[in-house]
Amino acid sequence: MNEKLSQQVKVYVIACSGPADLNGVRMLVDKNELNPNEIVAVMGKTEGNGGVNDFARDLAVKSWCTFLCAYFNCSPESVLERVALVMSGGTEGVLSPHFTVFTRSFIPFLSSSEKGLVIGISHTKKFLPEEIGTMAQVLETAKAVKLAMQDAGLNNSDDIHLVQVKCPLLTNEKINNLLIRGAMAVTQDTYKSMAYSRAASALGVAIALGDARQNEIDNSTILSDFNKYSGCASISAGIEVDNNVVIVFGNLVGSSSPYFISHTIMHDSIDIKSVLEMFSNDFGLDLLKSYSVISDRLVNIFVKAEASPDGLIRGERHTMLTDSDVTSTRHARAAVGGVLAALTGKTTLYVSGGAEHQGPSGGGTCAAIIKRK
């Protein structure tokens, strides 16, 4: 009879001086505090504009692949098949560049009624340029989320609190090659393609978790009907991938992880109330009482931010969508990052711009990992 195993996840938040700086990671490895062979996912916040030409994300991915291939005894390219690397560009305002590193190991099953953090990963196929931002990407993402749930051992969507996806975008080269073949892209605007890719991926998460029905979604829904969304989806687009990379986070009875995850929805960029309620109701923590309590137990917050498409926040006009000098996603990251940094006293926060179908319009999903008591 096979012995039942318990998943043990450990989480490390490591500051970096640049996208390729893994010195902090190496220090933890040298001290035997971090086992590189157990790394299953890395979520990075890298400086850059977060746009189509943000090559900092690709530099970070290549650095991690070069670092890990020596431990995995494989080629740098093969690392991507074993570890989910998700880099989100843009650390505007007070946000600090950092990597959140997740390791996973399995130990004899623990008999416990308490739930703890578990993690699962998967990858979709590589997308043709004409599939990006369409139902093809939606359905492939939904399949990948289901596979990541299986990898995590999660069967109930109620136990899932964050689905992180890295998705591709359209470059000029991809669009030109597509036109030569006589095919059509969903858009010829490379920046707009990021939004389409995020939107399609988020709707795939919504289908997989039961937040939306597949027969209710078609190509016309994508980046249009914002009443369809997932409250657990966090999607980042970039040039460094041609497929979708999926990470599912949840809680499971019997997990030996010393962490717990929960999530809420920020209904707009200044929705502190929802975050306070999550910490109070789900974690038993009062953020307003003491920063020391938060610094002791809060590991990281993962949040989506966007400029409200109607140009208003609580009835007042904002200019994030009409500022031609700075893109709206950069404004949104800076705004939400400042709100949450002030609330938690931490700046190594994962704030990602562009929240299409990731929470209600103008808001975004918000998940937090804390240390269990």
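## Helices H7 and H9

In this predicted model, H7 and H9 lie oblique to each other. H7 covers residues 272-283 and H9 covers residues 328-344. Their axes cross at roughly 40°. The crossing of H7 past H9 is right-handed.

Which residues of H7 and H9 make the contact? On H7 they are Ile 272, Val 275 and Leu 276. On H9 they are Val 339, Leu 340 and Leu 343. By class, the contact of H7 with H9 has six nonpolar residues. It has no polar and no charged residues.

## Cysteines and disulfides

A disulfide is a covalent bond joining the sulfur atoms of two cysteines. Here a pair counts if the sulfur atoms are within 2.5 Å. How many disulfides does the model have by this rule? The count is zero.

Take Cys 74. Its nearest cysteine sulfur belongs to Cys 69, 6.1 Å away. The cut-off is 2.5 Å, so Cys 74 is in no disulfide. Is Cys 74 buried or partly exposed? Its relative accessibility is 27%, so Cys 74 counts as partly exposed.

## Cys 366

Cys 366 is also in no disulfide. For Cys 366, the nearest cysteine sulfur is that of Cys 232, at 12 Å. Cys 366 has a relative accessible area of 1%. Buried means under 20%, so Cys 366 is buried.

Notes:
Residues numbered from 1 in each chain as written. Predicted model: local features only at pLDDT ≥ 70, side-chain atom pairs only at ≥ 80, totals over all residues. Heavy atoms only, no water. Axes fitted to C-alpha atoms, helices over the stretch in contact; angles between N-to-C directions. Helix = DSSP H or I, 4+ residues; strand = E, 2+ residues; numbered from the N terminus. Parallel < 35°, antiparallel > 145°, perpendicular 65-115°, else oblique. Left-handed = near helix turned anticlockwise from the far one by under 90°. Contact = heavy atoms within 4.5 Å. Nonpolar A, V, L, I, M, F, W, Y, C, P; charged D, E, K, R; others polar. Buried < 20%, exposed > 50% of the residue type's maximum accessible area, 1.4 Å probe, protein only.
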